Amino acid sequence: GRERPGKPYITFDYRTSVGCSNRCSFCTNRKLNTLRLKSVQKVIKDLKSLKQSYLNPNDILYIFFSDSSINNSARHVNEIMDAIIENKINMEWFAFVKVHSLTTQLLEKFASAGCVVLFWGIEALTQRMLDIYNKRFQHDVFQPLIQKAIELKIINFISLIYNGPQETDEDFNEMLKFVRKYAKYKPFF
């Protein structure tokens with residue numbers, strides 16, 4: 001795994017967007033009707049400015065992308081990752097991520113751009129519960145994505161809702177099965 005820096009460091013909270021592209025049934029973010037994105041040029045300018053203002057040239061910039069989800073827009077996040085890589089910004093970052101619109105290719109870009117931790121909003125393991133929560137993905141797509149993130153040595157925190165409304169024993173057992181399967185991937189899960 002990655003080692004912590006041997007000296008004090010600062011983590012900056014930074015947003016590339018405001019709002020959320022999802023409308024999950026349990027989330028208060030859905031009350032925001034618009035999703036606003038910063039331009040890629042503004043994001044890169046800000047990251048470079050943070051690095052130059054507070055750090056020595058060889059120091060790593062630590063960023064928490066505090067958006068509701070770093071991949072609210074697949075096009076936007078791809079352009080940001082390309083720009084971080086192209087501009088060789090020496091940084092490590094962590095962010096919330098949604099399954100909808102995530103691909104293994106984007107995960108590879110995340111790793112190349114310095115991603116070290118992802119917080120996944122999965123919430124449920126059965127399609128029935130995903131539908132109740134108004135999640136916009138099929139239950140069989142996220143496990144290969146999580147497996148890819150583990151292979152890339154990205155640490156993964158998975159958000160699951162336990163004992164949600166209308167949850168059955170079958171739903172709960174699927175959650176337990178999932179947790180048992182991935183618990184062996186410490187420290188990356």
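The model is predicted, so to speak of local features we need pLDDT of at least 70, and side-chain atom pairs count only at pLDDT 80 or more, while totals for chains, interfaces and linings use all residues. Residues are numbered from 1 along each chain as its sequence is written, and side-chain values use heavy atoms, with hydrogens and water left out.

Start with strand β5, residues 91–97. Strands here are DSSP runs of E with at least two residues, helices are runs of H or I with at least four, and both are numbered from the N terminus. Of the 7 residues in β5, 5 are buried (under 20% relative accessible area, 1.4 Å probe, protein chains only).

On one side, β5 runs parallel to β4 (residues 61–65), with 5 bridges joining them; pairing takes at least two DSSP bridges. F65 has A95 of β5 as its bridge partner.

Finally, look at the two helices. The axes of α2 (residues 74–86) and α3 (residues 104–112) come within 9 Å and cross at roughly 35 degrees (lines fitted to C-alpha atoms over the stretch in contact, angles from 0 to 180 degrees between N-to-C directions). The contact (heavy atoms within 4.5 Å) involves V77, N78, M81, D82 and I85 of α2 and L106, K109, F110 and S112 of α3.

Notes:
Buried means under 20% relative accessible area, exposed over 50%, partly exposed in between (1.4 Å probe, protein chains only).
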